[in-house]
Amino acid sequence: MQEKQEHMRVTHEAPLAPMTTLGIGGPAAVLFELFDPADFPEFVTLADASPGEPVCLGAGSNVVVSDAGCEGAVLRMSTKGLRMTGSTADGRVLVEVQAGHPLGDLVDTTIAEGLTGLEMLVGIPGTTGATPVQNVGAYGQETADCLVEVTAWDWELRRMVTLDAAACGLGHRTSVFKHSRRWTLLTLVFALRRSTLSAPVTYRTVAGVLDVPVGSSVPLEEVAQAVLTVRRSKGMVLGCSGTDDRSVGSVFLSPEISAAQADGLRARHAPVNRFPDGSTRVSASWLIRQAGFELGTPVVTGVRLSSLHYTLVADEGATAAGFTRAIELVRQEVLRRTGVRLTSELDFL
C-alpha cells in the first residue's frame, strides 16, 4: 500500500534490499521518502507514531539491512540541491548542500566550477549527508578537510541544531553521528578553494596513473580520471566490474595498531601509515591477504571475497545473516594469523 502526500512518499512494507548496494535485507514497516526539506517537520510527527527510533537511509552503499527488515520508520533522504553561499575570511567558497544530494554529483559540480577539496572522492557512491557520518575520505582527502558545519534534527532535544565541524567529532571513518540515531542530517556546508589544480597527489598508485611525482598537483579533471581508473581496477566503482557489483566497498577499517605492532608489521613489509587523526594503521586488505584469503574465495553461501579487491561481495543466495557471518569469519582468521583485530565500518540496520 502506498499513500501519496504532497512532496513526501509513504510506503508500507517497503522492500529495502533494492535500495542497498548489497541487495539483501527485509522490508521497512513504513518508509518515508523525503524530497522537499520543508516536509521534514511532518516526517517528525509521523515518525513519532512508529515504534523505536527512526532510521535514515541514503543510497544504501554502506549498509547491511537485517533479513527481518526494520520495524520502525525508515527515512530515505532524497532531498537535492546545492548553492554557493559566500566565502570565508581566507577566500574559500562556501557550498551548502542538501543531505540527500548525490555525492558524485557534488564532486562533479565542484570540479566543473574549479573548486578543490573534494576531487579525490570521485567515484564514491552515496549521499552527501553520509559524508560526515563516516568522515568519508579517499586518496589523501577526507570530509574533515573542508566541512564547516551541518544542520541536523536532534531527536533528543527535539529541535533543529547547527553543529560546526569540531562538534561533529570527525575521526578516521567515524564521527559523533556514527552508530547513533540521535541526529538526522539535513544540510551541510563545505569550504572549498578556487583552483584549476588538485590537491597534492599523495598516493603512489594515483601518481603512477598520472605519470607524475608524488606530491604533484594536476588539473582537477585529470586527477579525477586517475582516481576513477584506480578505483575501477579494484572494483570500487558501482557497476564497473560486472561480477562484483553487490558490494559495500571497504568492509573493514584499516585497524589502529600500537608502536610495537607497527614495528613487527613493518618487518613483514606491511603497509603501515600515519593517518590524519594521528593514529598509526595497517592496511586491512594486506591483513586479509596474510590470513590466507584469496581473491574470489567463497566464505559462506552467497558471500565471497571480491575477484578484484580484498573485500566481501554478495552473490545469489546471500543473506544479511550470511554476510554478517562472513565478516566475523574473516575477523577471526585475521586475528588468529596476524594478531590484529579488524573492525567493520558498515552500518547494520
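# A walk through the model

Start by selecting residues 23-233, the stretch that UniProt, in an unreviewed entry, labels "domain: FAD-binding PCMH-type". Keep in mind as you look around that this is a predicted model.

**Stop one: the annotated site**

Zoom in on Ser250 for a moment. Ser250 sits in the loop between α5 and α6, with α6 covering residues 259-267. Is Ser250 buried or exposed, or something in between? Its relative accessibility is 28%, so Ser250 counts as partly exposed.

Now slide over to Arg173. Arg173 is in the loop between β13 and β14. With a relative accessible area of 17%, Arg173 is buried, because the cut-off for that word is under 20%. Check the backbone here too: Arg173 has a positive phi of about 55 degrees, although it isn't a glycine.

**Stop two: the partner of Arg173**

Glu142 and Arg173 form a salt bridge, and their closest N and O atoms are 3.8 Å apart. Glu142 lies in strand β11 (residues 141-142) and Arg173 in the loop between β13 (159-164) and β14 (183-194), so this pair ties together parts that are 31 residues apart in sequence. Both Glu142 and Arg173 are buried.

Tyr139 lies in the loop between β10 (137-138) and β11. Here is another non-glycine residue with a positive phi, this one of about 50 degrees. Tyr139 counts as buried, because its relative accessibility is 10%.

**Stop three: other salt bridges**

How many salt bridges does the structure hold? There are 17. Let's visit some of them.

Select Glu256 and Arg281. Their closest N and O atoms are 3.9 Å apart, and the two form a salt bridge. This pair links distant parts of the chain: Glu256 is in the loop between α5 and α6, while Arg281 is in strand β16 (residues 280-282), 25 residues apart. Turn on a surface to see how the two ends contrast. Glu256 is exposed, with a relative accessible area of 52%, whereas Arg281 is buried, with a relative accessible area of 10%.

Then jump to helix α8, residues 320-338, and find Arg331 and Glu328. These two residues are 3 apart, which is about one turn of the helix. They form a salt bridge in which the closest N and O atoms are 2.6 Å apart. Arg331 is partly exposed at 22% relative accessible area, and Glu328 is partly exposed at 28%.

For a bridge network with three members, select Asp90, Arg92 and Arg193: these are linked by salt bridges.

**Stop four: a charged patch outside**

Keep the surface on and select Asp105, Asp108, Glu221 and Glu222. What kind of surface patch do they form? A negative one. The elements giving two or more residues to the negative patch are α2 (103-112) and α5 (220-233).

**Last stop: Val122**

Finish by hiding the surface and selecting Val122, in the loop between β9 (115-116) and α3 (131-134). Val122 is buried, with a relative accessible area of 7%. Val122 and Ala226 are 104 residues apart along the chain, and their C-alpha atoms are separated by 9.8 Å.

Definitions and conventions:
Residues numbered from 1 in each chain as written. Predicted model: local features only at pLDDT ≥ 70, side-chain atom pairs only at ≥ 80, totals over all residues. Heavy atoms only, no water. Patch = residues over 30% accessible without salt bridge, like charges linked within 9 Å, V, L, I, M, F, W, Y side chains within 5 Å. Areas by Shrake-Rupley, 256 points an atom, 1.4 Å probe, with all protein chains shown as cover. Salt bridge = Lys/Arg side-chain N within 4 Å of Asp/Glu carboxyl O. Lys, Arg positive; Asp, Glu negative; His and termini not counted. Charge placed at Lys NZ, Arg CZ, Asp CG, Glu CD. Helix = DSSP H or I, 4+ residues; strand = E, 2+ residues; numbered from the N terminus. Buried < 20%, exposed > 50% of the residue type's maximum accessible area, 1.4 Å probe, protein only. UniProt positions renumbered as here; feature names shortened; annotations may be inferred.
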